Amino acid sequence: MSAVREDATRSTGRRPGSLFLRWARRSVRQSVRLSARALLLASLAALALPAVGQTPHESPDEAPLTEQAGSHPEADHPSWMQTWQALRACRRMLGGGLLEVPDDRADRFLGKVREDTAHCRGGRRALAFLALDTPWVDWQSYWATGDGASRNARYDEGWIRSLVGGLSERIHANPNARGIDGALLDLEFARVELIKFNLFDNLTYAEYVRGRDGAPGPTLRRWDALRLPPEHPQYEAVGGDGEQRCRGELIRHRTLTGICNDIDNPRMGATRTPFARNVAFTETFPDQGHTELTRNRHGERLDLMTPDPQRISRELFTRPQSRPELCNQGRGLPGHDPAAHCDYQAAPFFNVLAAYWIQFMTHDWFSHLDEGENDRRRLLPAGCDDPALGCRPEDRFQPSLVAEDSPPASFDHAGERYLERAHRTFDNTVTAWWDASQIYGYDERSRRRVMRDPEDPAKLRLEPLADGADGYLPLFGPSCETASEGSDCDPIHPVWSGQEAAAFPDNWTLGIAFYHTVFSREHNAFVDAFRERAAATPEADSGLRDPAAPERVIRYAEVSDDELFEAARLVVAAMIAKIHTIEWTPQLLYNEPLYRGMNSNWNGLLAEHPLMDGVMNRVVARLRDSDDDRHANAWYSVLAAGPGIFGMGSERYAGHTVFSPLHPGRRDLWSLADPEHVNGGTNHFGSPFNFPEEFITVYRLHPLVPDLLELRRLDAPDRIAHKVPAVEGFRAGASDLLRDHGVADWALSLGRQRLGLLTLGNHGQFLQNLPMPHLEGSGRLDIAALDIIRDRERGVPRFNEFRRQYGLRQLTGFDDFIDPRLPADHPERRRQAELVERMREIYGQHECDADKIISHAYRDAEGNYPNDCLGHPDGSLVDNIEDVDAVVGWLAEPVRPHGFAISETQFVVFILNASRRLFSDRFFTSSFRPEFYTQLGHEWVLNNGPDGVVMEAGTPNGHRQPVSPMKRVLQRSVPGLAEELEPVINVFDPWARDRGDYYSLEWTPRPGAESDDAFAD
Ligand code: HEM
């Protein structure tokens, strides 16, 4: 996502644009000889350039949509007059100048724009959306941000283009480009605000606010709290009680516990560091009434079990079934009979592979549990008691493990009082890095579960298939907790026995087993390719270097098994991050602005434009080192979209001019001996990286999983041969299912089936009744209810304050959960209205008091903070909208940008944290180098494999693009899928679906798949 915003939605009392101009003048003064306006143009030009590619080495391009298809029948056909009026609105919008980043979090942009802006970027339809005055972001109504119907047909049909020619593409005179770029500008502005207002680290917050030695907090890059403690085995190695800096073996590869990713802050992101927060500490744990604001907001209405989580689950989350006897609470019919049927609301553009992918990711990023357990000492009741609702009062859960719950210290700064941390903190029990720790381990115990191939210790152990190819991971034997003394056992929780051996074995499912197998095969494929190269050219330079002797070339023949294993881990982790960023996410958020935004996070918008790329690289480098927090942070993230986050700082050139990267004789001076080169591409924005609790909240994505998995066979792919209950694919059952039917059949099956929409009334029945024998009581658990309990235990603000904290507009009552664009008799509108009624019953109403201020995170146009009445008359009966749990709220959001599988509230959490996950990781920025990855590994990540870039035929959604990274991984690891994968563009889009010309969400079969059973009704 790129560039700055040329909108001004409210008066700030300052000359419009002055902040940006002042910033630009100062920050480029010394060596970047560009005027502020040139910089602004540069960043806007980033958007005007052809669409981004997937790797710096190839030349993907954008093909005009109209070259491939006629315009959509429902596309916008504005008249000449309307077109002229929209252009005049653009002039007024530009005259309004740039929006300033506010000083106060209460004055944020909220994703809402002025009338001129909406008019310019989306014409009449955008104005109509604005007029509805909903809480939801405006960019979704701009031209070309949806499917073909969202485009301006006048332009697509050619007459505007014939008027202004190719120039219209470049200078964004054309309406579709205005819409897409406008959306990107809104999103980027949101990211700038999020970086400024939403970083709250539990270990270092006081320094963030107060700064240190005259340097503002947001520019700090080193923190004492992230030193290794004296009891740490590597304490002396990193410098003991002197200045700590990682060196030598500790910086060569991703370490087991995640230490030394940042070489100056050894403990950052390591296993068992506390989760961070994205919301003000004072607003956490609202049910405990720590502040007047939280007391005003919620009265005495809340506690851990009020309103009752299982009642919420049963009434608001349950999937209604039209034929309950065919669903059987998610257990289907005997013999996996395909006549079984469980209703679920399915997303036409996202498949079940995508559901399990994100579960696979979460196991890498975060966990609150210790070896699959919470606090073992206690079991608390988790069930409601109304039999009519299917309550199970005998359900039990273990309370969360708490790291710190003593009252937090506070400090004063600039006349305000702050808490140093949240009232309670929780440790992330895995590494926070995107380091594939779910496969490779995150502590000693988990590492013991990772099996290496005895024949080639650089490889992971996989049992061979009949043809000798890599097959399946070995299975765990009995747990050492239950095995008799002296017998063989594994270091595992007893319930994991019989499932595949892996570092992170908790909540093992069919999809998790699938991905562990596929990426273990990918690991071994890399080792094989490396060994092949080594055999062919044993004396050649492998690219790898040892920091102890950085100049010494390491030849292929010299690379040890362990070195190769660790290089393979780097490659696998980077491939996973790449797949997630440019394949999974653009399908989760299936529209053009997000396609561009995600690709720019990875490659940059300027991949094909070396001049601009070079210029931006230098500007970004200067900004990072600036000690002005506004420069260093706000605009850094904006301009980083030019060169991209991935690989940032991984090349260094001599000279001080912006043109030195372009010099024909340029030499990359990056050196392993220089710590500034090794670490210098990262940026933590003044707040050390770890996931915030709020991130976990929005990844509670359990509705994605259907109750029944539709099993197909490669020899008859259109037929659903069996319906297998997802619950059978849990723990050891997952491993049995994977082996019984094979990786190829499961890839096909999960690839063709749609996943469950994230909405109310769409949780799997099986998850509400999940077998949990070790929890006694009913021996079952309602995971949907547990999701709510966990958020409350961890003090996540309730939905409305959650939105305010993240810079989104608040709701004023439950009726905001009804989509006002739907006709009154529309079935979906009726469904929403029914759910709203149930919410009103569960969460209730109260007589409001306008004297009670409920938040300082938001101010209305008159400058007033919201009060208990939220705009309703004082003393009137209002909805307890403030009490709605975050998960309930984001599931209930009725209006979403086109192709969004998640809600806008989830998305905003993602904007901030997804890019930080890349910005903070040295191995994705300045240490993305052959010295760590090997030459082959470096190429592998850039090209999606060992054999160069392979381009996709055609121009999907108007883009020329390489064959996607996950498709390449599947082609390598499951060769039997070759034919089935042929027409697949994005592995996470249902494989038999016709993708249409431009972000279609239609559920229609692609040519050749017309007889697929899934399209039968
Ligand atoms: C068959 C599929 C799945 C099963 C059986 C399952 C089961 C569970 C269980 C038992 C927990 C532990 C709750 C606790 O004690 O705190 C959990 C937590 C969680 N699950 Fe799932 N899950 C499934 C799929 C998914 C998927 C597709 C996602 C997508 C992201 C997901 C995301 C999460 C998250 C974010 C947590 C909380 C983790 C934490 O607190 O650190 N799960 N799940």
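**Iron**

I looked up the iron atom of the ligand in this predicted model and found a single donor from the protein, NE2 of His702, 2.1 Å away. Donors here are N, O and S atoms within 2.8 Å of the metal (3.2 Å for Na, K and Ca), and water is not among the atoms, so sites may look incomplete. I traced His702 to the loop between helix H22 (693–698) and strand S10 (708–711), where helices (H or I, at least four residues) and strands (E, at least two) are DSSP runs numbered from the N terminus.

**Conventions**

I note that residues are numbered from 1 along each chain as its sequence is written, and that side-chain values use heavy atoms, with hydrogens and water left out. In this predicted model local features need pLDDT of at least 70 and side-chain atom pairs count only at pLDDT 80 or more, while totals for chains, interfaces and linings use all residues.

**Ligand shell**

I found the ligand in the largest cavity; a cavity is a set of points, on a 1 Å grid over the protein atoms alone, where a 1.4 Å probe fits but cannot get out, and a molecule sits in it if more than half of its atoms lie within 2 Å of its grid points. The elements that give two or more residues to the shell are helices H13 (352–365), H24 (765–768) and H25 (783–793), and H13 gives the most, with 4 residues.

I read that 24 residues surround the ligand, the closest being His368, Asn507, His702, Arg790 and Arg794, where a residue counts as near if one of its heavy atoms lies within 4 Å.

For polar contacts (pairs of N or O atoms within 3.5 Å), I noted that a ligand oxygen is 3.2 Å from an N or O atom in the side chain of Asn374, and that a polar side-chain atom of Arg794 lies 3.2 Å from an oxygen atom of the ligand. A nitrogen atom of the ligand is 3.4 Å from an N or O atom in the side chain of Asn507.

**Disulfides**

I found 6 disulfides, each a pair of cysteine sulfur atoms within 2.5 Å. One of them joins Cys90 to Cys120, S to S 2.1 Å, and links distant parts of the chain, with Cys90 in helix H3 (residues 80–95) and Cys120 in helix H4 (residues 115–131), 30 residues apart. The torsion about this S-S bond is about 95°, so the disulfide is right-handed.

**Backbone**

I found a cis peptide bond between Thr306 and Pro307, with omega about -15°.

Definitions and conventions
A polar contact is a pair of N or O atoms within 3.5 Å; within protein, one must be able to donate a hydrogen and the other to accept it, and residues adjacent in sequence count only if both atoms are side-chain atoms. On a 1 Å grid over the protein atoms alone, a cavity is a set of points where a 1.4 Å probe fits but cannot get out, and a pocket is an open set with protein on both sides within 12 Å along at least five of seven lines; lining residues have an atom within 4 Å of a point.
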